[in-house]
Amino acid sequence: MREFKIPSEVSFVLDKINEYGYESYLVGGCVRDYLLGKTPSDFDVTTNARPETIIEIFKDSAHLVATGLKHGTVTVIKDHVSVEVTTYRVDGDYSDNRHPEVVRFSPELKEDVLRRDFTINSMAYSPKHGFKDHVNGLDDLDNGVIRCVGDPAVRFEEDSLRILRALRFSSILGFEIEENTSSQIHKKAHLLENISIERITTEFIKLLCGEYSEKILLDYRDVFTVFVPKISEMFDFEQHTPYHKYDVYTHSVKAVAAADKEDKILRTALYFHDIGKPECFFTDSAGVGHFYGHAQRSMEITDEIMKKLRFDNNFRSYVVTLIKYHDAPIENDEKRIKKLLRNLGEEQFFRLIALQRADNAAQSEIVFHRKSRFDAVEETAKRILAEKACFSLADLAVNGNDLISLGIPKGKLIGRILNDLLENVIENRIPNDKNSLLQKAAEYKGE
């Protein structure tokens, strides 16, 4: 058994409950993570003490938040560390495929464990009472298996978000989904229609960023059509071009897998970057496929999808901008690179290069030579930044106040002149020094 290095704030909660004569166990994801050799990011405690008792125990020693009293949960905050403490319980009927209508508190840990989602999330540990595993979760953890506790059909009908949670765990951990659990995921996928779209989006993005997302995105593609029906048009859509050896959907998934798993924006953009291709497809007289205008169409479709999925506006803007530019060739030309840095900003510029690298990696081998171009463009961009070259209005040696001092009236003209000056500097027509820029700006005074 691995060592559980429990933070002092969490130990305080466990010990305090024990001092009052009650059981307390770490449970769920934190136990799973400890057993995997990872450091948990949050901590859940389960106990036979009722919520009103937890409030009484900690009322003078910690900050308390009544997170979900009717479901037996109180959040105990000790020195800025939050610990969710939940009473052992048995859940009643689920009428909304998400939350139990009523719960019955139980004195037994085993009863509480049997209501949980997956075996690997149902183990408990207490420094005082040791390790408890009533559902063979440790075996599944050791064997790399995602398995529902009990009947998966019942588990998914109770809380349908568990469908995406199973896929997310498999995507992140690389675990296989047990056969019966997998079968019920496909059969019960339609129940996701009853789940709030915000919760679906959160789980989906985590899934996209899993190290093993490729297999899940391919094997369970039918599940994702429940909340993004449009992707079905990409399935098995052959591209009929020597530059692509995969159908549109498989290409997109392999591009996702080739990208940095820490970058949510990048992976989301790659998943949707070719969603407009089926609408734009035609073949020429030689039978070769073409997709003219697909970048623009993909951007438009993705924008609508992300609005329906209620993505954060800034996140959505970053994604659709990447899709807009994803098919535009970026040559190793200093002027063009400066303009892209101006239009996109530094972070998005390098993200676009990363997107094009991943896109290229999911194409045919005959285009792999483009990697050298991406390398050259990145090197040039880094040199431009290191030299503090001018490519944005903030870099110009003059500002709006300087133009006003020339007698140019306030208003839209100021912005237009500054942008024209920037364009001249980027094109190397004038140097970025104050006197040269003011001399050029004076030519606009009569307008």
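**The second largest pocket**

Mentor: Helices (H or I, at least four residues) and strands (E, at least two) are DSSP runs, numbered from the N terminus. This is a predicted model, where local features need pLDDT of at least 70 and side-chain atom pairs pLDDT 80 or more, while totals for chains, interfaces and linings use all residues. Residues are numbered from 1 along each chain as its sequence is written, and side-chain values use heavy atoms, without hydrogens or water.

H18 gives the most to this lining, with three residues. In total, 27 residues line the second largest pocket, and nearest its centre lie His244, His294, Asp327, Gln363 and Arg370. A pocket here is an open set of points on a 1 Å grid over the protein atoms alone, where a 1.4 Å probe fits, with protein on both sides within 12 Å along at least five of seven lines; lining residues have an atom within 4 Å of a point.

The lining splits into nine nonpolar, twelve polar and six charged residues (Asp, Glu, Lys and Arg count as charged; Ala, Val, Leu, Ile, Met, Phe, Trp, Tyr, Cys and Pro as nonpolar; the others, Gly among them, as polar). Its volume is about 560 Å³, the space filled by probe spheres set on the points, which are joined across faces, edges and corners.

And the largest pocket? That one has a volume of about 1,400 Å³. Asp44, Glu84, Arg116, Asp117 and Arg165 are the closest to its centre among 41 lining residues. H7 provides the largest share of that lining, seven residues. By type, the largest pocket's lining has ten nonpolar, twelve polar and 19 charged residues.
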